[in-house]
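Me: I would like to learn how to read a few features of a structure. Could you walk me through them?

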Amino acid sequence: MKIISARVIVTCPGRNFVTLKIETDQGVYGIGDATLNGRELAVVSYLEDHVVPTLIGKDPRRIEDIWQYLYRGAYWRRGPVTMRAIAAVDVALWDIKAKMAGMPLYDLLGGRSRDGVMVYGHANGADLGQTVDAVGRYIDMGYKAIRAQSGVPGIAMAYGVGRGTLHYEPADAELPTETVWDTTKYLNFVPKLFEKLRDAYGFDHHLLHDGHHRLTPIEAGRLGKALEPYSLFWLEDITPAENQESFKLVRQHTTTPLAVGEIFNTIWDAKDLIQNQLIDYIRMTIVGSGGLTHLRRVADFASLYQVRTGCHGATDLSPVTMGTALHFDTWVPNFGIQEYMRHTEETDAVFPHDYRFEDGFLHVGETPGHGVDIDESLAARYPYKPAYLPVARLEDGSMWNW
Ligand code: CS2
Ligand code: MG
C-alpha cells in the first residue's frame with residue numbers, strides 16, 4: 001500500500017483551518033488537522049515544503065515509523081509548528097488504518113471505556129450578571145460542566161469574553177489587538193464570580209475557570225486558595241508553565257485542582273508536572289501534540305500519577321481534531337473531561353461529522369475512521385483570511401501574557 005498524494009487544504013469558514021488530506025493507491029484517504037491559530041501559514045509551508053515530499057511512496061500502514069521519521073528526521077525537534085505538522089500526518093494515517101479495518105477509531109485503540117464523553121461549554125459575559133445568566137443557559141442546555149469567564153471591572157478586554165453567546169473566537173484582527181491587563185482587579189473579582197455562581201446554581205454542576213497564563217505562581221496559589229469554598233473542577237493555565245517546578249509553589253497553597261497543557265506540544269513539556277503530581281489534568285491535544293501516536297503515550301504516562309486527560313477543544317481546533325479527540329476520549333482509561341467550544345454552522349458544513357451532543361456528553365459515531373470529512377468544494381469558497389490572537393500589556397505598558 002502506498003501514499004500517492006498529500007494535499008494541504010486551507011479554508012476560512014469564519015476562522016482559518018488547515019487540513020491535510022492523504023490519499024493512497026487503494027483509493028482510501030485520511031484527513032488530519034494542522035491548524036495553529038494565528039500562525040497557520042507556517043504549518044502550511046512546513047507540510048507542503050518539508051513533509052509532503054517525504055511521504056509520497058511511503059506505506060501508510062507504518063504509522064509509528066512515519067511518526068519517528070518525521071520527529072527524529074527533522075533534526076530540529078519539538079515546537080508547535082513541527083508537532084502540528086506531524087499531528088496532521090498521524091491523524092490522517094490513523095483515519096486510513098481505521099477505514100481499512102472497517103472500525104471506528106476508538107475500537108482500533110482498544111474499544112470503549114465509557115458510553116459518552118463528558119464535555120464542558122464556555123459561558124461568558126461582559127459582567128458578573130451576564131456571566132451568571134450565561135452559565136444558566138448552559139445548564140438549561142444540559143451541560144454537566146461549564147467554564148465561566150467574565151468581564152472584569154476596570155479591564156477593557158478580559159480573556160474569554162467573546163462576541164455572541166455560543167461561539168468564542170479570540171483571533172480577531174489582521175494584526176494583534178493590544179489589550180490591557182491588571183492582575184489586582186482580576187484577583188479582587190474572580191472569587192466574587194464563583195461565590196455568585198454557587199449561590200445561584202448550587203454545587204451540582206462542575207465549574208471551571210481559565211486563568212490563561214496571567215498570574216505569577218504565588219498569585220496563582222492565592223487565587224486557588226480563595227476559590228476553594230466554591231469547589232472548582234479545575235483552575236486552568238493559572239501561571240505560565242515553562243518552569244514546571246513553579247507549580248510546586250502553587251500546590252503548596254491550594255487544593256483547587258489544576259489543569260495545564262493546551263500550548264504544550266510534547267511529553268517533555270509536561271513530564272515534571274505529571275511525575276511530581278503538580279497538576280490534576282493534562283490539556284494537551286491531538287492536533288497540538290503530534291497526533292494520536294504521541295498523545296496516547298502522554299495519557300499512559302499521566303495514568304501512572306493519577307493525572308487525567310482534559311483535552312483542549314477550542315473553536316480554533318477543527319472538527320477533525322474534535323472528532324479524533326472524541327475517539328481518544330472514548331478509549332482512554334484516565335479520561336477527565338473534554339472541552340467543547342461549538343463550531344459555527346458554516347464550519348460544520350465544511351467538516352461533516354458523525355459526533356453528536358446529548359445531555360452534557362458528546363458521542364462518537366460508528367463510521368469507520370474518525371468520522372469527520374472535508375467538503376473540498378465548500379472549503380474552496382472560504383479563502384484564508386489573516387487573523388491574529390491579541391497581545392496583552394500591563395497598565396504601565398509592559399508586555400504581559402495574553
Ligand atoms: C482557551 C482557548 O479554550 C481555552 O482553554 O485557552 O480559547 C485559547 O485562548 C485559544 O485556543 C487560542 O487560540
Ligand atoms: Mg485555555
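Me: How many salt bridges does a search of the whole structure find?

Reply: Side chains of opposite charge can pair when their charged atoms come close. A salt bridge here is a side-chain nitrogen of Lys or Arg within 4 Å of a carboxyl oxygen of Asp or Glu. The search finds 22 of them. This is a predicted model, where local features need pLDDT of at least 70, side-chain atom pairs count only at pLDDT 80 or more, and totals for chains, interfaces and linings use all residues. Residues are numbered from 1 along each chain as written, chains are lettered from A and ligands numbered from 1 in written order, and side-chain values use heavy atoms, without hydrogens and water.

Me: Which residue forms a salt bridge with Arg78?

Reply: Asp269 does, with the closest N and O atoms 3.0 Å apart. The pair links distant parts of the chain, 191 residues apart: Arg78 is in the loop between helix H2 (63–73) and helix H3 (80–101), and Asp269 in the loop between strand E9 (258–260) and helix H9 (271–275). Helices (H or I, at least four residues) and strands (E, at least two) are DSSP runs, numbered from the N terminus.

Me: Which side chains have polar atoms by an oxygen atom of ligand 1?

Reply: A polar contact is a pair of N or O atoms within 3.5 Å. Among them, Glu339 has a polar side-chain atom 2.4 Å from a ligand oxygen, His212 has a side-chain N or O atom at 2.8 Å, and Asp316 has one at 3.0 Å.

Notes
Polar contact = N/O pair within 3.5 Å; in protein donor to acceptor, adjacent residues only side chain to side chain.
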